[in-house]
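Dear colleague,

Please find below the structure that I am handing over to you. My notes on what was found in it follow directly after.

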Amino acid sequence: MKKNWLEWTVFGISLALIVAVAGLLVYQEITGGESPASLVADAGVPTETAGGYAVPIDVRNVGDTSAEDVQVEATLTWAGGMERGEALIPLVPYRSKRRAWIAFSHDPRGGEIRVRVLGYREP
Amino acid sequence: MSRSRRSGPTLAESLREYGRGIGGGFLFSLPLILTMELWSAGWTVSPLRLLAGLAATFVLLCGYNAYAGLRHDTRLAEILVDSVEELGIGLALSAGILWMLGRIDASSSLPEVVGLTLVEGLFVAVGVSVGTAQLTGATGDHRQPEGRHQTLSSEIALALCGAVLVAANVAPTEEILILASEMGPRLLLAALASSLLLAATLLYFSNFRGSARFAGNRGLFGVVYGTAITCAAGLVASAAILWFFGRFDDHGPTLNVAQCVVLGLAGTLGAAAGRLLFR
């Protein structure tokens, strides 16, 4: 078989890539469970926007199943009032993180933010 | 990838081959990469299924390289090395395109990246393989004489390759499921009949490029035999791709057969084209 160094390099990289991918899949198959989607939502640091304020919501899926159409709710309470907001994330794949933003008209920095996942679909 | 000279290729020749491969990979699989349903396949297809897809694609590439290369004396070791190269290029190309399109980035998890890259990369690899051998402008005495691959296994390998290339582009779309569930038995039968008619016409009655080598097989039996093989290859490839994308899950057997028939239109067309055009 006559090949030049370029072709052997491409072959070597290709082989390494395939073996790595196959190895990872086997590892996933052996260790991966069948646990349902499991979502946690956390509020981040609020920022001021042109129309008011926005709070980033990080939704993490720590389960082995992806979740679609994930609806998250954030409630902002401060002394003397409260405000509620919702956001929809199309997809949070298994073992992954997605970010949504919920807008408020009241400054969230003076109040308390509570976040929770309202519901989602199985793909 | 196939060699055009026994003395071993120069660097420029290798680069040209990779160029053709990359061109073929793009040409045959870009519609697939730009399909939204496919992006979600990256995280819904299970690892076991991805492994099965990887293995099946490798076998398909080996079959293609064994029968449709530019060289006569393709030895097993060379076929295996070439197939590994094409698969690797396909995966790397797929990862690159997906990154460029913003489908994978630093926030993607590793299983997500691997799943998405594989789902697209497997089909890119088939495009790379076909592009390398078919898109060459070189002609001359090292070119295979037409009609050399007349054995059953070679015809099936080429038919499957063509079927996968054409059927994969529409397989993951919602349209196939909608058509399959709404067409009803009569229209589905008509679709199946059209597949058979299309295959017979392309292979035997249209003077399509490459169809001359089937002239010796004429006669009613030859036509029926060749048409049946082509249509069957189209249906089998369609079924395999639908299974890979999880299109058989949660549906009854009747609907699954209906999906195969609908996708089989594209599959049979590809199978016939593969048998005629690939050399």
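I begin with one residue of chain A. A:Thr65 touches A:Glu34, A:Ser35, A:Pro36, A:Ala37 and A:Tyr94, leaving aside residues up to four places away in sequence. Please bear in mind throughout that this is a predicted model. A:Thr65 sits in the loop between β3 (52-61) and β4 (67-78) of chain A. A polar atom of its side chain lies 2.9 Å from the backbone oxygen of A:Ser35. From A:Thr65 to A:Arg95 the C-alpha distance is 8.2 Å, although 30 residues separate the two in sequence. With a relative accessibility of 22%, A:Thr65 counts as partly exposed.

The contact between the chains comes next. Chain B contributes 35 residues and chain A contributes 28 residues. About 2800 Å² is buried between chain B and chain A, and carbon and sulfur atoms give 71% of this area. In chain B, the residues that lose the most area to chain A are B:Trp43, B:Pro47 and B:Val84, which together account for 19% of what that side buries.

Between chain B and chain A there are eight residue pairs in polar contact, both residues being at pLDDT 80 or more. On the side of chain B that touches chain A, α1 (11-33), α2 (36-44), α3 (47-68), α4 (76-100) and α5 (110-134) of chain B each give two or more residues. The largest share, 11 residues, comes from α4(B). By type, the residues of this side divide into 21 nonpolar, seven polar and seven charged. The count of salt bridges between the two chains is one: A:Arg98 pairs with B:Glu112, with the closest N and O atoms 2.9 Å apart.

Over all chains, the count comes to 13 salt bridges. One of them joins A:Glu48 and A:Arg109, at 3.4 Å between the closest N and O atoms. This pair links distant parts of the chain, with A:Glu48 in strand β2 (residues 47-49) and A:Arg109 in the loop between β6 (96-104) and β7 (112-121), 61 residues apart. A:Glu48 is exposed, at 55% relative accessibility.

Another salt bridge joins the side chains of A:Glu68 and A:Arg121 (2.8 Å, N to O). A:Glu68 belongs to strand β4 and A:Arg121 to strand β7, so the pair ties together parts 53 residues apart in sequence. A:Glu68 is buried at 15% relative accessible area, whereas A:Arg121 is partly exposed at 42%.

Finally, salt bridges link A:Glu73, A:Arg84, A:Glu86 and A:Arg116 in a network.

Yours sincerely

Key:
Residues numbered from 1 in each chain as written. Chains lettered and ligands numbered in written order. Predicted model: local features only at pLDDT ≥ 70, side-chain atom pairs only at ≥ 80, totals over all residues. Heavy atoms only, no water. Helix = DSSP H or I, 4+ residues; strand = E, 2+ residues; numbered from the N terminus. Buried < 20%, exposed > 50% of the residue type's maximum accessible area, 1.4 Å probe, protein only. Contact = heavy atoms within 4.5 Å. Polar contact = N/O pair within 3.5 Å; in protein donor to acceptor, adjacent residues only side chain to side chain. Buried area = accessible area lost by both parts, 1.4 Å probe. Salt bridge = Lys/Arg side-chain N within 4 Å of Asp/Glu carboxyl O. Nonpolar A, V, L, I, M, F, W, Y, C, P; charged D, E, K, R; others polar.
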